[in-house]
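Hello,

Here is the structure I promised to pass on. Please have a look at it first; my notes follow below.

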Amino acid sequence: MENSVTQDGIASLLSLDSSSVQPQIVVQVVDLKPVGNRYTFNANDGKMKIKAMLPATLTSEIVSGKIQNLGLIRLLHYTANDIPGKSGEKYLLVTKCEAVASALDSEIKSELKASTGIVLKPKQEFVAKSASQIINEQRGNAAPAARMAMTRRVHPLVSLNPYQGSWTIKVRVTNKGVLRTYKNARGEGCVFNVELTDEEGTQIQATMFNAPAKKFYDTFQKGKVYYISRGTLKLANKQFKTVQNDYEMTLNEYSEVEEAGSEEMFIPETKFNFVPIDELGPYVNQKELVDVIGVVQSVSPTMSIRRKSDNEMIPKRDIILADETKKTVVVSLWNDLATDLGQELLDMADKYPVIAIKSLKVGDFQGVSLSTISKSDVVVNPDIPEAAKLKSWYDSEGKETSMSAIGSGMSPSANSGSRSMYSDRACLSHFTTNPSLGEDKPVFFSTRAYISFIKPDQAMWYRACKTCNKKVTEAMDSGYWCEGCQKKDEECSLRYIMAVKVSDSTGEAWFSAFNDEAEKMIGCTADELNVLKSEEGEGNEFQTKLKEATWSSHLFRVSVSQQEYNSEKRQRITVRGVAPVDFAAETRLLLQDISKNKMTSQ
């Protein structure tokens with residue numbers, strides 16, 4: 001019997017009401033792609049298409065090759081749901097289906113319709129086998145080294161995703177972390193990670209725990225090239241990732257690592273994602289690292305700085321970079337970069353070299369400053385178009401151009417977004433009516449609003465280390481263990497982490513606030529509020545303190561970003577700064593707005 005889609009199948013299922021029996025229809029899978037831990041596709045019956053989603057339970061069917069893009073499936077159980085925000089549009093949530101045919105030669109079009117259905121010849125039978133099935137047939141019971149050689153078909157890092165079968169990558173170790181020990185409620189263990197770069201310059205972080213960490217720690221050497229297979233991938237935690245990749249890799253006891261021979265070595269192409277100097281403000285004190293290119297304006301002598309954590313003296317050297325935005329920024333070089341590269345730059349400073357730096361931390365010293373870390377990579381006079389363009393601009397006009405520091409005039413406040421409370425002013429409706437704000441990177445705004453509600457039964461604080469402020473856990477015997485400091489302390493402090501509802505004339509929104517900002521809103525420290533909360537009685541001071549903070553007006557500097565939760569993106573508004581309302585400044589701002597409106601209306 002020939003395979004075909006059900007003619008007018010989608011139209012028939014959309015016309016049914018909720019009480020009707022669901023028909024089993026055959027559709028073609030089009031544009032199959034992963035979204036989080038699920039797969040989405042367009043269900044096609046030749047005449048109509050409808051968006052559809054497969055649950056995580058059917059991922060194995062896709063990985064094994066039973067369900068394929070352009071293949072046919074029979075829908076056995078499904079529900080038609082409305083697409084939020086799109087009136088009249090629906091999508092199918094498929095909870096049960098079965099494969100009917102492997103991938104066809106092309107997408108089924110309406111003009112190919114026949115009276116008894118739409119029939120196309122499928123591809124040859126071998127396409128139904130997954131990559132893992134083919135590889136397993138070829139491998140047999142060969143030894144690990146032989147298996148690695150037989151599957152030497154190397155996948156680029158950019159092509160990897162959590163739903164693939166077997167793969168092999170060829171990568172260079174561009175950064176190797178230390179073997180760290182940790183202690184939590186489940187016991188003790190060790191962990192270390194490496195940053196891997198392939199020939200195309202794509203990077204990924206690989207992490208190993210416990211036995212695999214000890215097994216591969218001596219195997220991986222910085223600068224060497226390896227073949228790696230049988231690792232697992234998952235979505236990277238965007239808050240903590242240090243490389244530009246949507247996924248992170250975990251190597252376990254089944255993973256295979258083999259050093260490449262000298263004839264198979266390669267130098268990875270360094271890929272930069274430059275941020276112009278005048279756009280560094282929103283990155284201040286964020287976890288995200290930046291790449292910068294600039295002309296060296298000056299180089300300072302080497303100085304020694306005492307590190308707070310262990311009192312060790314480490315070398316530091318500051319350089320000043322400028323770019324076509326006519327802004328300059330101070331970059332602090334540390335350790336070997338300060339002594340070796342710093343001296344090289346000092347010797348050639350009169351030639352105004354162009355340097356490109358990858359993975360810089362953005363701090364708030366003098367408003368905005370940059371600092372190298374252990375993984376930073378510096379290239380002097382790189383052979384890239386951006387460097388040639390920058391050098392040409394500097395030689396022709398940049399030398400004579402008046403430059404200003406990016407941090408001049410900006411607030412040095414730690415998390416204010418490096419702007420005044422009266423710049424980028426927005427009302428709350430601007431956030432609530434734009435759910436995609438901050439999708440690519442956090443965006444900063446200032447707003448004036450009232451605290452309208454503080455939920456009294458929320459977890460308003462966490463136990464923090466008195467040295468580094470990171471979260472601590474209760475030690476086995478007594479006291480508290482800090483993973484960051486790797487030490488135990490008998491006491492800890494409480495630090496705010498809370499949510500407050502704020503309101504203005506246009507609407508309301510939930511803000512997330514951390515310790516320093518929350519203290520300004522509540523009017524006391526978390527330790528002091530905890531004491532008030534422990535007092536007995538109905539009308540205790542804890543409730544009074546929260547009521548006093550409610551319906552008070554503040555100026556907020558906030559960042560808006562997107563966070564993934566259960567494979568769903570949600571908007572998160574975080575308070576970066578809080579200030580009392582300056583009514584004189586507010587009046588001037590209103591007069592400016594009135595003046596602008598008059599000019600535009602004329």
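Let me begin with a pair of charged side chains: aspartate 477 and lysine 488 form a salt bridge, with their closest N and O atoms 3.3 Å apart (a side-chain nitrogen of Lys or Arg within 4 Å of a carboxyl oxygen of Asp or Glu). Aspartate 477 sits in the loop between strand S25 (472-474) and strand S26 (480-482), and lysine 488 in strand S27 (residues 487-489), so the pair ties together parts 11 residues apart in sequence. Strands are DSSP runs of E with at least two residues, helices runs of H or I with at least four, both numbered from the N terminus.

Aspartate 477 is exposed at 61% relative accessibility, while lysine 488 is partly exposed at 37% (buried is under 20% relative accessible area, exposed over 50%, partly exposed in between, with a 1.4 Å probe and protein chains only). Lysine 488 also meets glutamate 490 in a salt bridge of 3.9 Å, N to O.

A word on the source: this is a predicted model, where local features need pLDDT of at least 70 and side-chain atom pairs pLDDT 80 or more, while totals for chains, interfaces and linings use all residues. Residues are numbered from 1 along each chain as its sequence is written, and side-chain values use heavy atoms, without hydrogens and water.

Elsewhere, aspartate 318 and lysine 316 form a salt bridge at 3.9 Å between the closest N and O atoms, and both are buried. The whole structure has 18 salt bridges, and Arg425, Arg448 and Glu586 are linked in a network of them.

Best wishes
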